[in-house]
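Subject: Structure handover

Hello,

I am passing this structure on to you, with notes on what was found in it. Please look through it before reading the rest.

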Amino acid sequence: LCCGLSCVDMMLMAAERPKTLEAITSFDGTKQEAGGSCSNTSRVLGSSQIRVLASTLLGDDPHGKELLRQLNDSGVNTDHVVIDPEVNTSLAVLPVFKGGGRGCYVDLGANSVATPEKLFGDKLDVFARVPFCKVFHFGYPHLMGNLQGENLDKMFSAARRASLLVSLDINGADKPEPSVITEALRHCFFVHANLEEAAFCCFGASMDEENATVEDITSLGNFFLSRGAGVVSISLGADGAYLATNTDPDTLEKLSEGILKGTSAGLRVFRGPYMPEGAINSTGAGDAFVAGALAYTVSCLQTITTLDPNLLLDYALISACLHIDAARSVPTYEELGVILSQTTRLPSKFC
């Protein structure tokens with residue numbers, strides 16, 4: 001069950017970087033896609049033929065109808081998407097720059113007024129009413145003012161009471177606000193952030209891959225683990241990703257419902273990225289990373305197989321690689337494993 005921020009991404013393709021704030025700057029056509037954590041993650045999972053539901057708040061407007069259509073076309077169950085005629089669907093305008101990278105302008109719209117009760121009702125009993133559901137994923141709490149702190153903890157507590165694994169994706173963290181996520185981390189089996197977002201959560205300052213050290217990244221991971229999270233992964237752009245597990249075996253087994261054994265406690269691992277074949281559009285890469293990790297996790301839950309944190313990271317990285325690669329499409333989960341063994345891994349300065 002994927003929940004959290006959703007929007008329509010209006011991408012300005014092959015955009016030139018503006019020389020000044022007021023410079024007339026060209027781009028080569030537009031592309032509209034369902035965006036945000038809920039939409040991106042659920043669409044990747046649905047396209048991979050993983051059974052997935054979405055829960056988010058949309059307006060009764062053209063953007064909301066387009067987003068709903070794209071979710072359904074990707075095989076996502078939208079029974080728990082809430083339509084509110086009093087709000088507008090969020091819109092993000094993304095200049096996708098030639099040579100890589102993008103900008104982002106966003107009207108948060110419905111995301112600004114979403115609450116646990118608006119999404120799930122006063123009793124928050126949806127988790128118990130979806131018996132096949134194994135994982136609850138929530139994304140971008142820093143951009144959703146009513147789904148932070150106590151309300152985030154309330155949702156995660158309800159999911160854990162129904163024995164769902166909880167996953168959290170951090171985006172939009174641009175200042176130290178520990179109250180947004182700190183209490184909720186104790187429920188999280190899996191936490192993901194990119195390097196900059198993790199640094200703001202931990203240090204209250206930005207950090208980039210060029211200047212970061214192994215010690216810096218390890219400290220960032222420890223910030224989340226020391227507050228109760230089971231597994232944390234930090235995306236490192238062209239240098240791949242980092243994964244670390246809690247040092248307490250009991251915490252790992254409890255938060256993973258037994259698929260992550262205590263023998264994996266205290267793991268620290270860096271992995272290089274996989275090599276794309278075509279042009280790169282990095283929009284949604286972090287969400288695709290999470291989707292790969294969750295697809296592997298769900299497979300372990302369904303087959304009652306012990307989860308290998310190294311494989312979890314590999315599935316996350318190959319999923320992100322395929323998503324950003326214009327020359328390739330999203331494969332099924334079974335095909336993903338084959339592609340994983342056939343794709344070249346690039347070096348990373350961290351490993």
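Strand β2 (residues 7–15) pairs with strand β7 (residues 91–97) in the parallel sense, over six bridges. This is a predicted model, so please read everything below with that in mind. Within β7, V8 has L91 as its bridge partner. β2 is also joined to strand β3 (residues 30–35), here by six bridges and with the two strands running antiparallel. On that side V8 stands opposite A34 in β3. In general, strands of a sheet pair through backbone hydrogen bonds, either parallel or antiparallel.

These strands belong to an open sheet of four, in the order β3-β2-β7-β8, and the pairing is mixed. The edges are β3 and β8; each has a single partner strand, so one side of each is left without a neighbour in the sheet. From one strand to the next the twist averages 20°. The pair β7 and β8 runs antiparallel and is joined by three bridges.

Helix α1 (residues 36–47) touches β2 and β3, and its direction makes about 90° with that of β3. Helix α2 (residues 62–73) touches β2, β3 and β7, with its direction at about 75° to that of β3.

There is also an open sheet of eight strands, in the order β4-β1-β9-β10-β11-β12-β13-β14, again with mixed pairing. Its edge strands are β4 (54–55) and β14 (268–271), each of which pairs on one side only. At the β4 end, strand β1 (residues 2–4) pairs with β4 in the parallel sense over two bridges, and C2 stands opposite A54 in β4. Helix α6 (residues 214–225) lies across β11 (190–194), β12 (231–235), β13 (241–245) and β14, and runs at about 140° to β12.

Now the chain as a whole. How many helices and strands does the chain have? There are 10 helices and 14 strands. The radius of gyration is 19 Å, close to the 20 Å that the globule rule gives for 351 residues, so the chain is as compact as a globular protein of that length. The C-alpha trace spans about 55 × 50 × 40 Å along its principal axes. Of the 351 residues, 55% are buried. Among contacts with a separation of 6 or more, 70% are between residues 24 or more positions apart.

Next, helix α10 (residues 333–342). Its buried residues are Y333, L336, I339 and L340. Seen down the axis of α10, these buried residues fall within an arc of 110°, so they line one face of the helix. The face turned away from that buried side carries the exposed residues E334, S341 and Q342. What covers the buried residues of α10 includes α8 (285–303) and α9 (309–324).

A few single residues deserve a note. T115 lies in the loop between β8 (105–107) and α3 (116–120). Is T115 buried or exposed? Its relative accessible area is 19%, and the cut-off for buried is under 20%, so T115 counts as buried. A polar atom of the T115 side chain lies 3.0 Å from the backbone nitrogen of K118. Leaving aside neighbours within four places in sequence, T115 is in contact with N146 and L147.

Lastly, the backbone angle phi. Most residues other than glycine have a negative phi. S163 has a positive phi, near 65°. S163 is found in the loop between α4 (149–161) and β10 (165–169), and is partly exposed, with a relative accessible area of 41%. E257 also has a positive phi, near 55°. E257 sits in the loop between α7 (249–255) and β14, and is partly exposed, with a relative accessible area of 37%.

Regards

Conventions:
Residues numbered from 1 in each chain as written. Predicted model: local features only at pLDDT ≥ 70, side-chain atom pairs only at ≥ 80, totals over all residues. Heavy atoms only, no water. Buried < 20%, exposed > 50% of the residue type's maximum accessible area, 1.4 Å probe, protein only. Arc of directions from axis to C-beta. Contact = heavy atoms within 4.5 Å. Pairing = 2+ DSSP bridges. Axes fitted to C-alpha atoms, helices over the stretch in contact; angles between N-to-C directions. Polar contact = N/O pair within 3.5 Å; in protein donor to acceptor, adjacent residues only side chain to side chain. Rg over C-alpha atoms; globule rule 2.2 N^0.38 Å.
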